Amino acid sequence: MTNQAVEESSGRTRKRRRTRRGQEMTATQFLGRRRELKDLRADIERAGLDTLSGKKAPRARVLLIAGRPGTGRTALAEELLDQVADQYPDGVLRARLTAPDRTPVPTERVARDLLNDLELPAPPGESADDLAERLREGLSVRRVVLLLDDAKSAEQVDELLPQTPDCLVVAVAEGPLTGIPDVRPCTLGGLDTKSAVELLTRHTGSVRITCDPRSAESLVEECGAEPAALEIAGGWLAVRPKESVADLAKQLHALEREGPALARVFQHAYASLPAPAARILRYLSLAPEGYVDPHTASALAGCSVSAARTTLDDFVTLGLVRGVDSELPQYEVPGCLTPLLRGLTETLDRPAEVQLARARMLERTVRLLTSCRAVTEPDGSPARKKLAGLPSALRFADPEAAAEWLGVRQPALLAAARLAVADGELDTLARRLMAALVRALVAHRGPEDAAAELYGIHRLVLDVAERRDLPREKAAALLNLADLDARTGRTHDALARYRAALDAGRAAGDPYATGRAMESVGGAYQELGDWQRAVDWYGRALAQRLTRGERADVARLHGRIATAHTYAGRYGDALRGWRSAVAGYRKEGDVPAQARALSELARVQEYAGRPEDSLYTCQEAVEWARQAKDVRLQAALQLRLADTLERLGDPAAAKLHRGAAERMLGEEMPGGGSGGPAEAKPSEQAANTCEIRSASAED
């Protein structure tokens, strides 16, 4: 969303600019707008109403560039940013506030992306208000320029304004933002004639313009001097060297009744396309977030990938799409053309054909995501064998290539999931897409790094599960969301979702979901310090595990119950729980878990005022830790032995054990014993967080 290509065309020569994230954007040599730039620069220094009244400015100066899509408003904003960037040492931030379908982008998503650009924390699932507050706090100690592109309302801009006069905000909108005080819009029309003719010259060459300057001016007039229209007209002439500028001007004049200048120029260019290319162009309006790659175009139009790429390159020459400088071939549909393309699709294509194109795109995306994840599996695994059977166009050479593709396409992939869920008629494909996307993100980025994206996907899964009455998937989505809530400190929210997951699991007759939900409810109560309720819910989960004969989980739950008793100061109950856990792990032959359970048993014995028993249990735990080859646990137990021996009046023996611990870990001294089995391991929590359970085993 941030760091994306310029929205409107404005005849520019290609050059590269590296952004904060290391991605590349396409920028161009600017033409015209000298008066507008001068006014905007002066407006930065203008004394505001607060200054005139003797007050300190409470927030950033806001500059507004207003104009219709296609007038070069974003290009002007980018040029202004280039000119003033050196005055703002903390950099430039960009955000788009309106999606290609003309719906406002949620503040939560915008603020999260800006926080990521600033490398500030943005906890998954946090509310829009909290994220916006985090953003304002982060900007309060920085001096940045913030470009808010394509704003639909003053409220969108106001929620993101830095509360410091050291920052500058440049907003781009179609009309005035009347809700923000002390903002004077810079309203754009067409380019001046000289700049407009120069823009045409860059496409056609100087000879055709010099030979007939009056026709060039007539063509500029027919295009309304709008940069986007001139780009298309120039592209049309560039691929037709035998056509004169005068002929194109006459043809456009004949379409004068067909609407605004941009619509007429686009209609003329579209009419000259071959039928297959015209079909591809129409279907580009279905591309998520307006970004399209050869695979997306190929799937939408039902053609080969190579043919799609050739056609997209032709569209770039014609000014109908823009190439995006990235590691992989990627293109952007100009926002000013998206409504025109949608209108053509609604007029010329049957709804069933459009829906089929969407389905093909989603199916291709699922296959690419499956391949992206499979390439990370070991050689000879079932996933790699399945990958070998895919067409070469759907395979990645190595995990690095797959990760690169996933990074470049991630915004479009997330948008595809949102659009598929919003569609409502492609829920099966949407569920498969979200499952494949989760697996790919976890495989390449890990559950911690991808937590924010996973949270959004699980919310979409929940929407589909509720709409389709799928209690099993609803339970899984609620559990995943609750896990992420719990990890970010929203324990009350997590508790409510765990209870809802329990109800859904019972409705689905899913013992896995009900068991995990009951245990998680207990964990939430433990986090809240309600030890009695925690023990009660752990006990319910334990009863279910006993009924199903799941002995490893039974032992683990005994440990969790004992931990809750320990926190509550009920050491007798805690000792019984840990002894049951030790016995369970012994029967299972889980030596590391048995060693950790013994270490926790020794800790509780020490709390209970039984140092001799604690010493004996700790020695036994050391032996089992040695067998398990858990050096860190063994060293921690040696330290505990040293502390116990000192309390028992044997400092010489304590010194020996402390020295043994130091030899094991050198200068790295653990702060205490290794965590017992009472708590879920991080790997287990991560696995729970990224799980999507579905009734289908496909993918």
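**View A. Helix 10 packs against helix 11 in this predicted model.** Helix 10 (residues 227–238) and helix 11 (residues 245–254) have axes 11 Å apart and an angle of about 130 degrees between them. Helix 10 is therefore oblique to helix 11 (angles under 35 degrees count as roughly parallel, over 145 as roughly antiparallel, 65 to 115 as roughly perpendicular and the rest as oblique). The two helices cross in the right-handed sense. Helices (H or I, at least four residues) and strands (E, at least two) are DSSP runs, numbered from the N terminus.

**View B. Side chains between helix 10 and helix 11.** Ala233, Trp236 and Leu237 of helix 10 meet Val245, Leu248 and Gln251 of helix 11 (contact means heavy atoms within 4.5 Å). Of these residues, five are nonpolar, one is polar and none is charged.

View C. Two bridges join strand 8 to strand 10 (residues 331–332); Tyr291 has Glu332 in strand 10 as its bridge partner.

**View D. Residues 1–27 and residues 667–699.** pLDDT, the predictor's confidence in each residue from 0 to 100, stays under 50 over residues 1–27 and over residues 667–699. Where pLDDT is low, the predicted coordinates should not be read in detail. The chain has a mean pLDDT of 85.

Residues are numbered from 1 along each chain as its sequence is written. Local features need pLDDT of at least 70, side-chain atom pairs count only at pLDDT 80 or more, and totals for chains, interfaces and linings use all residues, while side-chain values use heavy atoms, leaving out hydrogens and water.

Note on methods
Two strands pair if DSSP finds at least two bridges between them. Axes are lines fitted to C-alpha atoms, for helices over the stretch in contact, and angles run from 0 to 180 degrees between N-to-C directions. A crossing is left-handed if the near helix is turned anticlockwise from the far one by less than a right angle, and right-handed if clockwise. Ala, Val, Leu, Ile, Met, Phe, Trp, Tyr, Cys and Pro count as nonpolar, Asp, Glu, Lys and Arg as charged, and the others, Gly among them, as polar.
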